[in-house]
Every structure is written in C-alpha cells, then in structure tokens.
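Please open the model in your viewer and keep the sequence panel alongside it.

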Amino acid sequence: MTGKKADKILIIEDDSFISDMYKIKFESEGFDVMVASDGIQGLETVGKEYPDLILLDVVMSKMDGFAVLQKLKKTPETKDIPVIMLTNLGQKDSVEKGLKLGAVDYVIKAHFTPMEVVEKVKEILNK
C-alpha cells in the first residue's frame with residue numbers, strides 16, 4: 001500500500017469482540033478501519049466517510065443488515081460501494097437475499113478466518 005492512501009473499510013457489526021478482532025486484523029494489513037455498532041450508525045458513517053468497502057453483519061438491533069444494504073444500494077452516492085455480508089446466518093435463502101440485494105459476497109463468519117476475509121477484501125478492491 002505504499003504510495004497511495006489506505007483503503008477505507010467500514011465494519012458494521014454489533015458484537016464488539018468480532019468488530020475489534022476484524023479491526024485489528026485489517027489495520028495490521030494497512031487498512032484504514034471504521035466500526036459502527038448498528039445499522040443506523042453504519043448508514044450515518046457511510047454518509048460521512050464513504051468507505052471503499054463495507055463489511056456488514058445481518059443480525060443487528062435497530063436495523064438489520066438486509067435493510068442497511070437495501071438503503072445503501074438505493075442511494076446514488078453509496079450504491080457502488082462494495083458490500084460483503086459477514087454473518088453467521090448461513091441459510092440458503094439468506095445468502096440468496098444478500099446477493100440479490102447487491103452484496104458482492106456473502107461470508108459465513110464460522111467458515112472463514114479473519115485473514116481469509118482480509119484476502120477476500122483485497123481481491124474485491126483490486127478488481
């Protein structure tokens with residue numbers, strides 16, 4: 001990442017243990033990381049910061065990840081920001097719903113290490 005600004009990642013996750021773990025991992029890889037603890041705060045942060053990519057949990061209080069994703073994709077300023085659903089909700093219909101609403105990927109937390117998630121993000125940002 002030398003010579004260019006760090007890619008900005010927003011993690012929208014209500015479990016602080018998980019968001020802290022991913023924040024540390026992404027920062028150690030040179031990313032600029034922001035964290036929002038619920039969907040409403042996440043949308044507010046996106047509107048101010050315009051991250052390069054969003055990691056979005058599905059099951060959250062106040063507003064679930066699907067509602068956040070829908071709002072992001074309907075807003076002209078945010079519709080092109082890649083969103084990866086990062087959740088333990090692995091039912092086929094949930095995966096299909098996330099992808100249909102515009103997520104670039106759907107990652108089941110239990111199936112991927114944080115480093116594998118970092119690699120996935122790097123792959124998407126380098127496309």
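Two residues are in contact when heavy atoms of theirs lie within 4.5 Å. With that in mind, begin with the whole chain, which is a predicted model: among contacts between residues at least 6 apart in sequence, 61% join residues at least 24 apart.

**The whole chain**

Colour the model by secondary structure, and five helices and five strands can be picked out, which follow one another along the sequence in the pattern β-α-β-α-β-α-β-α-β-α. Switch to the C-alpha trace, which spans about 40 × 35 × 30 Å along its principal axes. A compact globule of 127 residues would have a radius of gyration near 14 Å, and the protein, with 13 Å, agrees with that.

Show the surface next: the protein exposes about 6700 Å², of which carbon and sulfur atoms supply 53%, while 43% of the 127 residues count as buried. If you colour the charged side chains, you will find 18 positive and 22 negative ones, with the centres of the two sets 5 Å apart.

**The nonpolar cores**

Select Leu10, Ile12, Ile54, Leu56, Val83 and Met85, the residues that touch the most other members within the largest nonpolar core, a set of 20 residues. Which elements each supply at least two residues of this core? They are strand E1 (8-12), strand E2 (32-36), strand E3 (53-56), helix H3 (65-74), strand E4 and strand E5 (105-108), and the largest share, four residues, comes from H3.

Then select Phe31, Leu55, Leu86 and Val118, which are included in a second, separate core of 16 residues.

**Thr87 in strand E4**

Move to residues 83-87, which form strand E4, and centre the view on Thr87. Is Thr87 buried or exposed? Its relative accessibility is 1%, so Thr87 counts as buried, the cut-off for that class being under 20%. Apart from neighbours within four places in sequence, Thr87 is in contact with Asp57, Val58, Tyr106, Val107, Ile108 and Lys109.

**Thr45 in helix H2**

Select Thr45 in helix H2, which also counts as buried, at 16% relative accessibility. Not counting residues up to four places away in sequence, Thr45 touches Leu10, Met34, Ala36 and Tyr50; of these, Leu10 belongs to the residues already selected in the largest nonpolar core. For a sense of distance, draw a line from Thr45 to Glu119: the two are 74 residues apart in sequence and 24 Å apart in space, C-alpha to C-alpha.

**Two loop residues with positive phi**

Follow the contact from Thr45 to Tyr50, which is found in the loop between helix H2 (39-49) and E3. Tyr50 has a positive phi of about 45° although it is not a glycine, and with a relative accessible area of 40% it is partly exposed.

Finish at Lys62, in the loop between E3 and H3. Phi of Lys62 is near 70°, again a positive value in a residue other than glycine, and Lys62 counts as exposed because its relative accessibility is 67%, where the class requires over 50%.

Methods:
Residues are numbered from 1 along each chain as its sequence is written. This is a predicted model: local features need pLDDT of at least 70, side-chain atom pairs count only at pLDDT 80 or more; totals for chains, interfaces and linings use all residues. Side-chain values use heavy atoms; hydrogens and water are left out. The radius of gyration is taken over C-alpha atoms; the globule rule is 2.2 Å times the number of residues to the power 0.38. Buried means under 20% relative accessible area, exposed over 50%, partly exposed in between (1.4 Å probe, protein chains only). Accessible areas come from the Shrake-Rupley method with a 1.4 Å probe; for residues, only the protein chains shown count as cover. Lys and Arg count as positive and Asp and Glu as negative; His and the chain ends are not counted. The place of a charge is taken as NZ of Lys, CZ of Arg, CG of Asp or CD of Glu. A nonpolar core is a set of buried Ala, Val, Leu, Ile, Met, Phe, Trp, Tyr and Cys residues joined through side-chain atoms within 4.5 Å.
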